[in-house]
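Hi,

Here is the structure I promised to pass on. Have a look, and my notes follow below.

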Amino acid sequence: MQTDLPFASCGEDVRIYGGARIIQPQHLRLGSHVIIDDFVFLGPHAELTIGNYIHLSSHLSIVGGGRVYLSDFSGFSTGVRILSGTDDFSGAGLTNSTIPPEFRVVQRGAVWVGAHVAVGANVVILPGVCIGEGAAVVPTATVSRDLAPWGLYGGWPARRIKPRPRDAILSAEAALFAKYGRPQVEYREGPQAVGLSPNGLSD
């Protein structure tokens, strides 16, 4: 387990398996009740927040060098890719990390994921995206724009398929807190926490 790294902050009951790779842990805030599987890769970021009751499954990666905020109770299946930055592929500069900075055009952004979001296997989340509370994304979808709360999404780009049961999920959360208590620190800040606008998150 890698819980002795110099994190910006770290809660209780955090399990980070030895095969996970974390670059610049000093920029990572970790809540409580977190599992980070083997073969997860967390690249360098300006800021990375992983809230309470979050599981990052094997072969997930979070890269791009921007800012990423994962709210409480969000879950991420195997192979998920979260990108907070990307090269400009329009031809404005040369691309890939071997190129000196003065010859590249890199667009850094942010990603915000709301509470109770569920992200299926091999989903790709692109920079500048907000995923609203309670949204679920089916496997292999691409999230290239904001997703409104409490919906099931799929496709390329991800589109709303049907509603998701808000009351049942929040009732289960309340029952869990009643039995085990609330975490000392909750991670429920809005998209403004990473400099994004919540305008696209209306139901």
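Let me start with strands 21 and 22 (residues 159-163), which pair in the antiparallel sense over 4 bridges. Strands here are DSSP E runs of at least two residues, numbered from the N terminus, and two of them pair if DSSP finds at least two bridges between them. Before going further: this is a predicted model, where local features need pLDDT of at least 70, side-chain atom pairs count only at pLDDT 80 or more, and totals for chains, interfaces and linings use all residues. Residues are numbered from 1 along each chain as its sequence is written, and side-chain values use heavy atoms, with hydrogens and water left out.

In the hairpin of strands 21 and 22 there are 4 residues between the strands, and G155 has a positive phi near 105°. On another side of the pairing, strand 21 also joins strand 19 (residues 136-137), in the parallel sense and over 2 bridges; A136 has L152 as its bridge partner there.

Now for G151, which sits in strand 21 (residues 151-154). Its bridge partner in strand 22 is P163. G151 is buried, at a relative accessible area of 0% (buried means under 20%, with a 1.4 Å probe and protein chains only). Beyond its neighbours within four places in sequence, G151 is in contact (heavy atoms within 4.5 Å) with G134, A135, A136, R160, K162, P163 and R164. I161 is 10 residues from G151 in sequence, and their C-alpha atoms are 7.2 Å apart.

Cheers

Notes: Buried < 20%, exposed > 50% of the residue type's maximum accessible area, 1.4 Å probe, protein only.
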